[in-house]
Every structure is written in C-alpha cells, then in structure tokens.
Amino acid sequence: MPKTILLVDDEQDIVDMLKLFLEPDYHVLEANDGQSAMEMFARASIDLAVIDIMMPYVDGFKLLQWIRKHFRIPVIVLSAKNQEADKIAGLGLGADDFIAKPFSPLEVVARIQAHLRRTYEFNDAGAAGTGVKADITEIRLGELILDHEACLLYKRGEPIELSAIEYKLLKLFMSKPGRIYTKKQIFEQVWSEPYIADDNTIMVQISRLRDKIEDSPREPFYIRTVRGLGYRFAKKDELDAT
C-alpha cells in the first residue's frame, strides 16, 4: 500500500506542483488551511504531513501543535518564514524538518522519502547505526525503558510519547550509555543526512527530549552536555547509583 501524504498550503499552485512529483508513488491528500487539515486527519490515515505556516483560520504553528498532541507522524514545515527564529519555533513545536520557500520539488520529495524510510522502516531493518540488534525489543537503563516495538519510553512505569526524531535520538544515546557523540555524529546517524552547519536543530530536539525525560531539564541527569565535544547519555554506574 502506498503511503498517504497530506499537503497543507493555501497556495494551490504549490500543492498542484508537489502532487505532480508525489502522485506516481504516494496517495496524496490536500488541504488549504489548518482547519481543513484537522478534518482530513479525521477521515483518513495519514503517514506524513507537509504544512505551510502562514494560512487562514488555523495557521501552521497551531496545526503542528495539534498534530503533535494526537499523532506521531513525521511533519515537514514548508514555509516562506525562513528566519532562524521561525525554524527554531517550528522544530521546537515538533516539526521533523523545515524547508524554506522557494524550494526544489525534488528536494521536498527526497526529504519526504527519507522521513518515511526512517519512520516506518527502521523497526523492520533493526537499529542501523545505533548498535541495537533487530531482535532486542527494549532497552532498560535506570528508571527508563525504551520499547522498540511500541516506540514508547517508560519512566517509572509511566508512558512518555516521543516523536520520530526524539525516539531515534534516545535510541542512539541509550544504546551506548556514556559514549560521547559529536553533533556531526548525532545528525548523520539520526537524520541520515550529511552534517553541514550547526543550525540549532540538534540543540532544539535535545531540549525537547530533556523536557520529557528529565526531572529537572535545566540540570539534566540522563542527557549530558560535554562542552566542546557534544552529548552523552548517563553512564551505567551513574544510573545504577540512582
């Protein structure tokens, strides 16, 4: 069955252009504002959404917040609002990617393919790049249990929902507690793309993850910053001491 892509943009020309590139391989749905997109989610099973920011009725930021409350699908923001603050806001609200207008439709298609592959195929393919074998269904470290089958984190027995990027970040860290990962290593293993420049993407995603798993996000215990080097997960002896 082909994956279902939802395109949300009030510029019909952009929607029509992307449909031309996507329809040979995907089932494509469309909406011209955030409210219509929410209604579309109620009628169809959507695998990935590409959303604009500046739209009538319900804008892209509000739509993104709504999607993150109800769904764990990849979301790509496609917007003319391409200032750094807008990118950070979009990523901070849960977007998995941000593409500025004007754009190459081939790049959008390539990113869609990459996010679909990482989100829906990594369970079947095992944990490529993370050192976790395919037959391992969970990782237990201290008070945390990362369930690979459900893609859920449990802390003290309470479930914590994760976005696709948050899950892959945590899987990377928990697979090798204590190992220091540089930003380049993190980006290339989690996003599966070449690391070109530090655009705060990693920092924003780790901040969101800390908000979910740390007792005190400002003084993180699990995901540590190693100044000048990168990040590491707490070592096993540190976890055993808790």
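Predicted model: local features only at pLDDT ≥ 70, side-chain atom pairs only at ≥ 80, totals over all residues.
Angles under 35 degrees between two axes count as roughly parallel, over 145 as roughly antiparallel, 65 to 115 as roughly perpendicular, and the rest as oblique. The protein has 9 helices and 12 strands. Of its 242 residues, 50% are buried. Among contacts with a separation of 6 or more, 56% join residues 24 or more positions apart.

**A helix pair: H6 and H7**

- Two packed helices are described by the angle between their axes and the distance between the axes.
- Helix H6 covers residues 164-175, and helix H7 covers residues 183-190.
- The two pack at an angle of about 125°, and their axes lie 10 Å apart.
- H6 and H7 are therefore oblique to each other.
- Their crossing is right-handed.
- On the H6 side, the contact involves Ile165, Lys168, Leu169, Leu172 and Phe173.
- On the H7 side, the partners are Ile186, Gln189 and Val190.
- Sorted by class, the contact of H6 with H7 holds 6 nonpolar residues, 1 polar residue and 1 charged residue.

**The parallel sheet**

- Strands of a sheet pair through backbone hydrogen bonds, either parallel or antiparallel.
- An open sheet here has 5 strands, in the order S2-S1-S3-S4-S5.
- The pairing in this sheet is parallel.
- Strand S2 (27-31) and strand S5 (97-100) are the edge strands, and each pairs on one side only.
- From one strand to the next, the twist averages 20°.
- Strand S1 (residues 4-8) runs parallel to S2, and 5 bridges join them.
- Within that pair, Leu6 has Leu29 in S2 as its bridge partner.

- Strand S6 spans residues 138-141, and strand S7 spans residues 144-147.
- S6 and S7 pair in the antiparallel sense over 4 bridges.
- Leu141 stands opposite Leu144 in S7.
- The hairpin of S6 and S7 has 2 residues between the strands.
- In that hairpin, Gly142 takes a positive phi near 60°.
- S7 also pairs with strand S8 (residues 152-155), in the antiparallel sense and over 4 bridges.
- Here Leu144 stands opposite Lys155 in S8.
- The hairpin of S7 and S8 has 4 residues between the strands.
- In this second hairpin, Cys151 takes a positive phi near 55°.

Key. Residues numbered from 1 in each chain as written. Heavy atoms only, no water. Axes fitted to C-alpha atoms, helices over the stretch in contact; angles between N-to-C directions. Left-handed = near helix turned anticlockwise from the far one by under 90°. Contact = heavy atoms within 4.5 Å. Nonpolar A, V, L, I, M, F, W, Y, C, P; charged D, E, K, R; others polar. Pairing = 2+ DSSP bridges. Buried < 20%, exposed > 50% of the residue type's maximum accessible area, 1.4 Å probe, protein only.
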